[in-house]
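Hi everyone, thanks for coming. Let me put the model up on the screen, and then we can walk through it together.

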Amino acid sequence: MSLIDIDNAEDVIRKGIIDLQKPQPFFAHLVMHLRPEVMSEKEPMQTVGVSAKGRLFYNKEFMMKNKDHIQGLLTHEVLHVAFLHAQRTGPRNKMLANIAQDVVVNMMVGKAGMTLPSTAIPYDNQRDRSKFQLPDGDKMVDVTIESVSEKAWEEVYDDLSKLIKNPPQGGGARPGHDNAPQDDGGEGQDGKSNEEGWGKRLAEAAQYAKQQGKLPGGMDAYVDDLLKPKVLWKQLLLQYLRPYLLPVDWSYQRPNKKSQALDVYMPSVLKEHCAIEVIIDTSGSIAQDELTEFLSEV
């Protein structure tokens, strides 16, 4: 990618959008729906971020320093919006979710031949993996995510959750990176219309790129998963189990474990109990690989 010799951030963004049109029509179609907004001096934004509705907030100095990565930056940000990452984070740890989403998005950017700043989570195209460090309590932990191109960000999140026992709480960006100011993109009628709007743009972008024979490899699967979502069995099971996991009563017959530390007699929590039975199909139509997958899921 050649350097962009422009003196102001606004023109850098415009030129980046234009330069995406021919080589990357899929990403270009999506990027055209972003609404760039420069951050004021009063805002703490140091890099670039995007809201659920596609408002692209950026720091002028950061953009000028990374203008040779502008196509990758724009693509990275718009994929967060198009794949509805803000809406689909749910109750997960926001920082780990943001990192998991970045891992998958950066893989897409890398496979498309675009580059990102050195501060971004790296993706090794040859080995199909990402290696980086994350804080775990008061220490830094080496993290390696294998077979990134075969995973949804939710699967990467599960991998990270097993590796990081004490992730930072609160913010949704990893250390050294910024969140964009939030808007109403995930709740109520505005959130629903926003989801439908980006779903339509995603379908249009895929069709636009297919007509030119330039839809990025594997991207049609991501588009289909979003437009025709499959219900994850773990989430479905959790919906039925959640009532049994919540407190249903309190009892003073056995004190809460925290009572001694607090020097206050506190009641223990009573919860419902439930038994789960797992039925595995072992008929002749089930191969060994499928049986192994069944048991690993259990």
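Predicted model: local features only at pLDDT ≥ 70, side-chain atom pairs only at ≥ 80, totals over all residues.

Residues are numbered from 1 along each chain as its sequence is written, and side-chain values use heavy atoms, with hydrogens and water left out.

Helices here are DSSP runs (H or I, at least four residues), numbered from the N terminus. Axes are lines fitted to C-alpha atoms over the stretch in contact, with angles from 0 to 180 degrees between N-to-C directions.

Let's start with helix α1, residues 9-20, and helix α4, residues 70-82. Their axes come within 9 Å and cross at roughly 85°, so α1 and α4 are roughly perpendicular (that word covers 65 to 115 degrees). The contact, meaning heavy atoms within 4.5 Å, joins V12, I13, G16, I17, D19 and L20 of α1 to I70, Q71, L74 and T75 of α4. That gives 6 nonpolar, 3 polar and 1 charged residues. For the classes, Ala, Val, Leu, Ile, Met, Phe, Trp, Tyr, Cys and Pro are nonpolar, Asp, Glu, Lys and Arg are charged, and the others, Gly among them, are polar.

Moving on, α4 also packs on α6, at about 130° with the axes 10 Å apart. On the α4 side we find G72, T75, H76, L79 and H80, and they meet Q101, D102, V105, N106, M108 and V109 of α6. By class, this contact has 4 nonpolar, 6 polar and 1 charged residues.

What does α6 meet in α7? Here W153, V156, Y157, L160 and S161 of α7 touch L96, A97, I99, A100, Q101, V103 and V104 of α6. This contact has 10 nonpolar, 2 polar and no charged residues. The axes of α6 (94-111) and α7 (153-163) come within 8 Å and cross at roughly 125°, so this pair is oblique too.

Finally, the largest pocket. Among the elements that give two or more residues to its lining are α6 and α7. Of its 40 lining residues, R92, A152, E154, L232 and Q235 are the closest to the centre. By class, the lining has 17 nonpolar, 7 polar and 16 charged residues.

Key
Parallel < 35°, antiparallel > 145°, perpendicular 65-115°, else oblique. 1 Å grid on protein atoms, 1.4 Å probe; cavity = no way out; pocket = protein on both sides within 12 Å on 5 of 7 lines; lining within 4 Å.
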